[in-house]
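Hi,

Here is the structure I promised to pass on to you. Please open it beside this email, and then read on for what I found.

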Amino acid sequence: MSATATQTAKKTVQLIIERQDNPNSQRYTQEFEVPYVNGMNVIACLMEIQRNPVDKHGNHVAPVTWEMNCLEEICGACMMVINGKPRQACTSLVDQLEQPIRLRPARTFPVIRDLVVDRSRMFDALKKVKAWVPIDGTYDLGPGPRMPEVDRQWAYELSRCFTCGACVEACPNVNERTSFVGAFAISQARLFNEHPTGKMHREERLEALMGEGGIHECGNAQNCVEVCPKGIPLTTSIAAMNRQVTYHAMGAWLKK
C-alpha cells in the first residue's frame, strides 16, 4: 500500500448529529466517527453510520434516520442544516466542510425523527397559490399557446425549484407564529402567472398573496436567495409579485 493510501485509510470524519426519536421527544446530540473516503459526501457518512451504528465512544445506537432519493441535487429530499446552513447533503462534500460536521434537521418544519421532517406546509402553500396549470378537460382542445423564447428562458430558471425547503428554513419570517407561504411559493405564483395558460387563474393567485400568510409578510431578509441550491432569483420574483399585487389591489379599489 502506498503512503498516500495508508494516510487516507487512517483518516476519519467527525460528525455531531442532533437527533430526536419521535415528534414529541426531546432532542439530543450524538457524536460519530466514520472512515474517510476520498470524495465522500455527507450522505456517504450517514450511510456508513447506518451500516455500523456505533457512536464515537463505541456504544451501539439506533441508526440515524434521514431522507434521500436522487443523490444528484434534483429531488430536494436530503435537505438538512449542515454546519449551520440549510443545504443538500448529497452535494455537501466532506473535503469542503469544517469538522466536526454538525447536522441537524430543518426545524422550521415539524421533526418526524432525527433528520426527517414534515414538509406539508410547503405543499399547502403551493395549493394556496394554485401553483399549477389547470388542464383537466382540455385534452381535445389541441396544443396550448407557446411561450415566447425570451420568456421561456427566465421561466425555466423559476421552474427548477424542487421544493427542498432550504429557503423556508433560512427565512426568519417563516416560523410557528406565522403562516407566511415563503419565497418559493411566491416565485411559483410568478411562474404560473406568466404562463400563457396559467394566466387564467392570475387573479386568484394574487388574491391568495394578498391574504393571510401572503407577500406582505416577507421581511426582505434575502436569506432565501443566498441558500437556494439552484440559484433561483427568488428576490426578483418577490419584487415582481409585489408589483403585481399592488396593481391588482389598486385596480380592485378603483372599481369600487
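Let me begin with a term: a residue is called buried when its relative accessible area is under 20%, exposed when over 50%, and partly exposed in between, using a 1.4 Å probe and protein chains only. By that rule, E176 and R177 are both exposed.

A word on where this comes from: the model is predicted, so local features need a pLDDT of at least 70 and side-chain atom pairs count only at pLDDT 80 or more, while totals for chains, interfaces and linings use all residues. Residues are numbered from 1 along each chain as its sequence is written, and side-chain values use heavy atoms, with hydrogens and water left out.

Now to the charged pairs. Side chains of opposite charge can pair when their charged atoms come close. I call it a salt bridge when a side-chain nitrogen of Lys or Arg lies within 4 Å of a carboxyl oxygen of Asp or Glu. The whole structure holds 13 of these. One of them joins E176 and R177, with 3.3 Å between the closest N and O atoms.

Another salt bridge joins R107 to E18, where the closest N and O atoms are 2.6 Å apart. These two residues come from distant parts of the chain, 89 residues apart: R107 is in the loop between β5 (101-104) and β6 (111-113), and E18 is in strand β1 (residues 12-19). Helices (H or I, at least four residues) and strands (E, at least two) are DSSP runs, numbered from the N terminus. R107 is partly exposed at 24% relative accessible area, whereas E18, at 14%, is buried. Together with R27, E18 and R107 are linked in a network of salt bridges.

E48 and R51 also form a salt bridge, at 2.7 Å from N to O. Both sit in helix α2 (residues 42-51), three residues apart, so about one helical turn separates them. R51 is exposed, at 60% relative accessible area.

What is the order of the strands in the open sheet of five? The order is β2-β1-β5-β3-β4, with mixed pairing; two strands pair if DSSP finds at least two bridges between them. β2 (28-35) and β4 (85-88) are at the edges with a single partner strand each, so one side of each has no neighbour in the sheet. Inside the sheet, strand β3 (residues 79-82) pairs with β5 in the antiparallel sense over two bridges, and I82 is opposite L103 in β5.

Enjoy exploring!
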